[in-house]
Amino acid sequence: MPELPEVETVRRGLAPHLEGQIVETAIVRDRRLRWPIPCNLARLISDRTVRSLGRRGKYLLIDCDGGWLILHLGMSGSLRLLPREAAPGKHDHFDLVLGSGMAVRLTDPRRFGAVLWCAEDPSGHPLLSGLAPEPLEAGFDATWLHDHTRGRSAAIKTVLMDSHTVVGVGNIYASESLFRAGINPRTAAGRLSMQRCQRLVEAIRSVLAEAIAAGGSTLRDFVGASGEPGYFQQAHYVYGRDGEACRLCGGRIRLLRQGQRATYYCPSCQRA
DNA sequence: CGCCAGGCCTGCACGC
DNA sequence: TGCGTGCAGGCCTGGC
């Protein structure tokens, strides 16, 4: 479920509870995630101190002072902070038990998430080394997007969701960003002008930044027993609004299928 | 029951 | 033959 704003919200919510904490141990209840959780993870991570909680794309990176824990939430993952003795539920596959008496618990019904250990700087890890720039950092700009898309006939919506183009833009924010930029999702990526690349970069940045800001309002509930952190309501312009009226022009929002993923767009506001 | 779901890696087929 | 490219498959459970 989580896209970049949700992952960033989780990061911000957890960071103050993790940084400086000793990891007493890790509890693995079900290793079968996207890749198996390493058997020896508890031994690798026990007694280390968390230096910082970072993020690269949708990956959370826990710097454990001599090793990094890489977390990914997949489609259905969530992390909660709760008392370490709290009884685990059916899909609570992993706990990081902290010296504070709390635990960070991974819940993931579909098990598309990941918990991996990396002994070296994870920027060189195979999963991270080829990733595109961060959308909210300087490396992602119109020049990059323009250069990166030259000669490509694939639809811009598909290209946006490719982590070699920009990280963190999932299905929801791809549709929302293209709407904000006024670009039809089927437009061939290679045919976007520099000006339209500029508009799209700005749209992606603002959509993500607003979603993160909205997520911030849920942080106060992060430690709550009922908390489902990382999920927050956002007023979408197109996503999930098939057949409804466009908030700008009143026309019908349409549903399209691209690469087996749903794309929502307004045919009159978004031109090729 | 079938279909759908916010991710993302892998492998295959294709065209140059 | 080798590359870039673009699909489709696969991993899972839960909800409608």
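Predicted model: local features only at pLDDT ≥ 70, side-chain atom pairs only at ≥ 80, totals over all residues.
Student: Which residues of helix H3 are buried?
Tutor: In H3, which covers residues 142–149, the buried ones are Leu145, His146 and Thr149; buried means that 20 or more other C-beta atoms lie within 10 Å of the residue's own, exposed means 12 or fewer, and partly exposed is in between, with C-beta atoms placed from the backbone. Seen down the axis of H3, these buried residues fall within an arc of 95 degrees (taken from the directions from the helix axis to the C-beta atoms), so they line one face of the helix.

Student: And which residues are exposed on the other side of H3?
Tutor: Thr143 and Asp147 are exposed there.

Student: Switching to strands, why is E7 described as largely enclosed?
Tutor: Strand E7 spans residues 102–107, and five of its six residues are buried, so the rest of the structure largely encloses it. On the pairing side, strand E5 (residues 78–83) runs antiparallel to E7 and is joined to it by six bridges, two strands being paired if DSSP finds at least two bridges between them. Leucine 79 has leucine 106 in E7 as its bridge partner.

Student: How many bridges pair E6 with E7?
Tutor: Five bridges, again in the antiparallel sense, pair strand E6 (residues 92–98) with E7, and leucine 96 stands opposite valine 104 in E7. E6 and E7 form a hairpin with three residues between them, and glycine 101 in that turn has a positive phi of about 95 degrees.

Student: OK, now isoleucine 183, where is its place?
Tutor: Isoleucine 183 sits in the loop between helix H5 (171–181) and helix H6 (194–216). It is buried, with 24 other C-beta atoms within 10 Å.

Student: Which residues is isoleucine 183 in contact with, leaving aside neighbours within four places in sequence?
Tutor: Beyond those neighbours, isoleucine 183 is in contact with Ile156, Leu178, Arg196, Leu200 and Gln270, a contact being a pair of residues whose C-beta atoms, placed from the backbone, lie within 7 Å.

Student: And H5, how many of its residues are buried?
Tutor: Ten of the eleven residues of H5 are buried, so that the helix is mostly covered; among them are Tyr173, Glu176, Phe179 and Arg180. Glycine 182 follows H5, and its phi is positive, near 70 degrees.

Student: Last topic, how many residues surround DNA strand C?
Tutor: DNA strand C is surrounded by 13 residues, the closest being Pro109, Arg110, Arg152, Ser153 and Ala154, where near means that a residue's C-beta atom, placed from the backbone, lies within 6 Å of the molecule or strand.

Student: And what does chain A have overall in helices and strands?
Tutor: Chain A has six helices and ten strands, and its C-alpha atoms fill a box of roughly 55 × 35 × 30 Å along the principal axes. Of its 272 residues, 39% count as buried.

Note on methods:
Residues numbered from 1 in each chain as written. Chains lettered and ligands numbered in written order. Helix = DSSP H or I, 4+ residues; strand = E, 2+ residues; numbered from the N terminus. Contact = placed C-beta atoms within 7 Å.
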